[in-house]
Amino acid sequence: MTIPGRFMTNDKGTFGEYTASSRWPIIIQNAIDDLTEQQESEKNNDNKFKQGEVIKNELKQFRQEVINRVPLRPFTEEEIEVANVPLSFNEYLKEHPEVNWGAVEWLFSEVYLYRRMNVLFQRQSEWAKFDIFNKLKQSTFESSFHGVVELALRYENLLPQLKEMEQYSGSDGEDILRILFKEFIEISLWGNATDLSLLTNATLEEIKSIQGAKARAASESKIVVNDTEKAWEVLTKAKAEANSTNIRVDFVLDNSGFELYADLMLAAFLLQSGLATKCIFHAKDIPYMVSDVMLKDFDLLIKDLRDREFFPSGEASTKESKALDLFANELDKFVSSGKIEFREDSFWTTELDYWNLDAKEVKYHGSTLHEDLQASNLVIFKGDLNYRKLTGDRKWPRTTKWETAIGPLSTNGITSLSLRTCKADVQVGLPEGLDAELSQEWEKENPGRGSWWCCSGKWAVICFSSGTPSKK
Ligand SMILES: O=P(O)(O)OC[C@@]1(O)O[C@H](CO)[C@@H](O)[C@@H]1O
Ligand SMILES: [Mg+2]
Ligand SMILES: [Mn+2]
């Protein structure tokens, strides 16, 4: 099959065109507003205030460039030097000198946009390490208080149940573990705690019950490709193999706040149930895509869990406060014992798609990461942007097979699982007829936008690759 081109910002009627023309100016304006607010809160620092004014004017100018659809310019030597900008961006622009904001690959231009914004802050000594999206990340996490407490209580309730599991005869215990695995996968997938049986103090029997199954069927109905079972088999097989001392699960992260919290819950469940012995989290090295996780966001999350102002769970003695403290302590223990590890790498914030997670990419850490991820039993890629990079954000027919769309990743030794809420035009792996069916459904409420059902965040896909050539 010929490899199709990537989605462009001038593809008429696409979500990418809409994002470039209307959402990016808003994102930059929000950054200007948050910068102004930050300046107000530090008015006494005159030097910082002045530097903030410089950044603000440059952001306003940059926003105008995007609106006016000027050509995308290469980074200057000074910018590359000061902000440690990977040379991949300028190499791309050398090969595509004609691109402007109104006619450029969506993936490149979106990643380039966040890099351009970051350079403006890195060039000012008082703002070099400032995360312009921090306020938004924190306020969003703060507003998810009830879901955070619900999951903490559920986790506390689950611990003795996992211990009790040992007494269940083989298959019975495994059945319950499999159900819990699927529920934690779904909580991580959706980045919220909608799953019913986990929200009540369900006993293991109730989870196994028909009612629990009905609740799960409802939440699973929006997952249009579901390879969870294949990931379950990989981990239970590793767990069963007596000599498998290490079972490593990697998370290529998406958003901070509740999504990261849900990812940590999934990791804690895997570690407590023996389905993993080590979880490695891959974070971004600069502020990126507004809400994506940086190393400091993990530290902030643990601090927030213990902060009674941030999460008003009452006195330390309330069951809610105790559950939040318990999970924060669990995370500290996992980190100090090396069971959870956090890393960052500049590869994740280059424009390179994940076909570059391969031995052939030797300039921007693609091959180093590829080498390291060989040692993982399962690499979980979270979210929509990671899915776009796995599939190259290309205009594949929507029935294209997963292993075709992810190119070298389907055979170069990385066992992967993409947990994606659908929020962009690229969509593959669908059975014949499903795209037409969902487009028709979406069209009813969104005339002329039927195909945007896969940009709405209302549906999701869970896609597995063994990373080895499929047996013919
Ligand atoms: O990776 P996430 O956080 O799931 O979603 C990120 C994202 O979907 O947001 C934009 C559309 O709203 C896209 O440009 C980008 O792919
Ligand atoms: Mg996401
Ligand atoms: Mn994201």
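1. Helices (H or I, at least four residues) and strands (E, at least two) are DSSP runs, numbered from the N terminus. By that scheme, Arg69 is found in the loop between helix H2 (46–68) and helix H3 (77–83). The model is a predicted one, in which local features need pLDDT of at least 70 and side-chain atom pairs count only at pLDDT 80 or more, while totals for chains, interfaces and linings use all residues. Residues are numbered from 1 along each chain as its sequence is written, chains are lettered from A and ligands numbered from 1 in the order in which they are written, and side-chain values use heavy atoms, with hydrogens and water left out.

2. Two residues deserve a look at their backbone angles. Most residues other than glycine have a negative phi. Arg69, however, has a phi near 55°, which is a positive value, and Asp393 likewise has a positive phi, near 50°. Asp393 lies in the loop between H17 and helix H18 (402–405). As for accessibility, buried means under 20% relative accessible area, exposed means over 50%, and partly exposed lies in between (1.4 Å probe, protein chains only). Arg69 is therefore partly exposed, because its relative accessible area is 42%, whereas Asp393 is buried, because its value is 0%.

3. A magnesium ion (ligand 2) is 4.3 Å from the manganese ion (ligand 3), and Asp254 coordinates both.

4. The surroundings of ligand 1 include Asp254 and Asn255, together with Phe15, Arg23, Trp106, Glu110, Gly383, Asp384, Leu385, Arg388 and Lys423; a residue is near a molecule if one of its heavy atoms lies within 4 Å of it. Helix H1 (15–41), helix H5 (106–122) and helix H17 (384–390) each supply at least two residues of this shell, and the largest share, 3 residues, comes from H17.

5. Polar contacts (pairs of N or O atoms within 3.5 Å) can also be listed for ligand 1. An oxygen atom of ligand 1 lies 2.6 Å from a polar side-chain atom of Asp384, an oxygen atom of ligand 1 lies 3.2 Å from a polar side-chain atom of Asn255, and a polar backbone atom of Leu385 is 2.8 Å from an oxygen atom of ligand 1. Of the 390 Å² of accessible area that ligand 1 has on its own, the protein covers 91%.

6. Ser291 is placed in the loop between S3 and H14, and Ser291 counts as partly exposed because its relative accessible area is 24%. Ser291 and Asn255 are 36 residues apart in sequence and 5.1 Å apart in space, C-alpha to C-alpha.

Note on methods
Donors = N, O, S within 2.8 Å, 3.2 Å for Na, K, Ca; no water. Polar contact = N/O pair within 3.5 Å; in protein donor to acceptor, adjacent residues only side chain to side chain. Areas by Shrake-Rupley, 256 points an atom, 1.4 Å probe, with all protein chains shown as cover.
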